[in-house]
Amino acid sequence: MNKLRARALVVGLAAVTSTVALALPGGSSAARHSSRKTFKNSVSSFAKPAAAVGNAEGKVPLTIALRWSHGAKLKHFTAAVSDPSSSSYRQFLSAGAFRARYAPSAGRVAAVKSFLRSKGLHVTGISRSRVLLDAVGSASAAERAFGTRLENYRVGHRVLRGTAKPVSLPASVSRYVSGVVGLDQTLQRPLSQASAPPPAAFANARPCNRWWGKNFSSNRTPPQYRVPHAYHAAQPFAPCGYVPDQLQSAYGVDTALGSGNDGSGQTVGIIDAFAAPTIVADVSKYSDLHGLPAPNITQTVSSDSCQVGCGPNSQGGWYGEETLDLEAVHAMAPNATIHYYGAADPSARALLRTMSTALDDDNADMITNSYGSLGEQVATVTAQEELFQQAVAQGQGMFFSSGDNGDEHTTTGYVTADYPASSPLVTAVGGTSLGVGPQGDRTFETVWGTHISGLKGQPGGKNARWAPKPPGPFLYGGGGGTSRLFPEPSYQNAVVPDSYSGMYAGHDRVTPDISMVGDPTTGMLVGETQTFPSGKKHYGEYRIGGTSLSSPLMAGYMADANTANGGRLGFVNPALYQLAQSNPGVYSDIVPSPSKLAAARADYNNGVNLKDGISFTLRSIDRDTSLQTAPGYDNGTGIGTPAGGAALINALAALP
């Protein structure tokens, strides 16, 4: 994308607020002068002629996102309510007051409804805030209404409906509409470790360490577990998975808990797809095993039927994601209420509608979202940005995982940040690799960027070696980088170096904002009900990571900060960056490790036991694609991670 095109997607940013105008005129000169307005980025990213398998048929469920009323006033309000220097700081609106001020007018809603009905689409519902309007109709009716062509495309092992032509609306209607969601079947992906186990059982192989560096491969190690040196030294076995008290200690949460700042009085919202049937029992058992109080969990699960991504493997992967999210939040904020919102399926439309429900309910004081897209070429951007404005106005902090593929070059073919993390209205949480010592001390923390080498030859054998020679190829790492969509928000101006923000159009949004542990090699031990080879289902524990560990850990940490503050902190980015200037000691600045770091990881070949043997890999860390760490802000870890002693919690609560 060239600089002019990137800027054409953006309407001005006042302080912390932005609106991406995908409904601006686009396409050919003729289209720009016609009576219709075209939505940018509305051709499905997977709509390649070679992948087409025929015309789409059947019913098409849609969600039309409307624009808020008094948009300029809303932009001003969201900027002021998040600015620590403003007299309106943290003077949030209730959901009812927000709707009274900014909900689309009844006249606008009626105009959009009338248009849809005139094209043969049936209006099926509208959100409480009137910003999302649901409709359904035949594929041909949807094509007529939105000036597009719907085709089926083979995408991996699925066939998905996609838009082969840009989406457009008559100018008389488009002025009320910010986006149309559901014409294509874009799927969001959970951002936990790529091999996140479904209910089919998974267990960590031994040897693994209770804490970083407890055991190394040496001559005293049994031969079947004896692996070669790397970087001219013996390497430790990977941790078995950090447990809550280790993570609490490493990030200073134990200090907060000792002061009563434990999430009490706060509700953390979690949005995922589907709903694990054993989740309450699993989190309860996990809590009992690891010294946490019994969880307080409420659930709002969509009653809609699953439309896409409905297979057992898809659902099982999301169950693992849900388990991770709830147990990570509970580990950081043991006395917070957790409100789980389960979408009907992993489509962008279903997750958008679920987010709207969470915001209209206004029960959650912050919301963590461990899903995202590859890159920023997402047709739902404008619709999601409308909802993010509502979240800011109501004081509901939005936390998004920054991504698990580094700079995405290996997945998209070009360097890009990921959306929604790249939105200036959310907190993008990056990932680190974390060493926790025997006393719960933080022995090291680096950017999460893992390279992999496999073991050739038998463990303990004379010819055993790592191949390719370490570090080997990139495997996965925390996401980040410079946005091609959004200009630099004012809160980043004095903190983010020009070398990052100036990569494309100049003065662009950069992610992540802040980080916590995400590396699966140094991940968290979680537990859920799984199906074992015998066919029996029972609770089991395993290590997992990804920035979808980082985000709920941060949301739980911020719930403790809310307790210390006596109420909602809201959208925290302006405060986080202000503290980076005025009180940088509240962060652990992540910089390159002075020595090479790696761990030997053992995995059961069948995923559960020794029956089929063990394989070893060497995981070299602190190597995240083109993303980097450096003193101060960097595009690998943002402003850093929370320092010990609950310093960041106390500093946020002390802001006026």
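Predicted model: local features only at pLDDT ≥ 70, side-chain atom pairs only at ≥ 80, totals over all residues.
**View 1. The disulfide of Cys208 and Cys240.** The sulfur atoms of Cys208 and Cys240 lie 2.1 Å apart, and the pair forms a disulfide. The torsion about the S-S bond of this pair is about 100°, so the disulfide is right-handed. Cys208 and Cys240 both belong to the loop between strand S12 (189-190) and helix H8 (244-250), so the bond ties together parts that are 32 residues apart in sequence. Cys208 is buried, as is Cys240. The count for the model comes to 2 disulfides, and with bonded cysteines counted along the chain their pattern is 1-2, 3-4.

**View 2. Helix H13 and the glycine that follows.** Helix H13 covers residues 381-394, and its 14 residues should span 20 Å at 1.5 Å a residue, which agrees with the 20 Å between its end C-alpha atoms. Of the 14 residues of H13, 14 are buried, so the helix is largely enclosed by the rest of the structure. Just after H13 comes Gly395, which takes a positive phi of about 80°.

**View 3. Helix H12 and its buried residues.** Helix H12 (residues 348-361) has 14 residues and reaches 20 Å from its first C-alpha to its last, close to the 20 Å expected at 1.5 Å a residue. In H12, 11 of the 14 residues are buried, so this helix is largely enclosed by the rest of the structure. The buried residues of H12 include Ala348, Ala350, Leu351, Leu352, Met355, Ala358 and Leu359, and among them are also Arg349, Thr354, Ser356 and Asp360. After H12 comes Asp362, whose phi is positive, near 60°.

**View 4. The contact of helices H3 and H4.** Two packed helices are described by the angle between their axes and the distance between the axes. The axes of helix H3 (residues 71-81) and helix H4 (residues 95-102) come within 10 Å and cross at roughly 145°. On the side of H3 the contact is made by Lys73, Leu74 and Phe77, which meet Phe98, Arg101 and Tyr102 in H4. The residues of this contact divide into 4 nonpolar, no polar and 2 charged. An α-helix has 3.6 residues a turn, so residues three or four places apart point the same way.

View 5. When residues up to four places away in sequence are not counted, Gly403 touches Leu191, Asp418, Trp448, Gly477, Gly478, Gly479 and Thr547. The C-alpha atoms of Gly403 and Val429 are separated by 8.7 Å, although these residues are 26 residues apart along the chain.

**View 6. The open sheet of strands S4, S8 and S9.** This open sheet of 3 strands has the order S4-S8-S9, with antiparallel pairing. Strand S4 (52-55) and strand S9 (158-163) are the edge strands, each of which pairs on one side only. From one strand to the next the twist averages 30°. Strand S8 (residues 150-155) runs antiparallel to S9, and 6 bridges join the two strands. Within this pairing, Asn152 stands opposite Arg161 in S9.

**View 7. The hairpin of strands S6 and S7.** Strand S6 (residues 122-126) and strand S7 (residues 132-138) run antiparallel and are joined by 4 bridges. Val123 stands opposite Ala135 in S7. The hairpin has 5 residues between the strands, and in it Arg130 takes a positive phi near 65°.

Key:
Residues numbered from 1 in each chain as written. Heavy atoms only, no water. Expected span 1.5 Å × (residues − 1). Buried < 20%, exposed > 50% of the residue type's maximum accessible area, 1.4 Å probe, protein only. Axes fitted to C-alpha atoms, helices over the stretch in contact; angles between N-to-C directions. Contact = heavy atoms within 4.5 Å. Nonpolar A, V, L, I, M, F, W, Y, C, P; charged D, E, K, R; others polar. Pairing = 2+ DSSP bridges. Disulfide = S-S within 2.5 Å.
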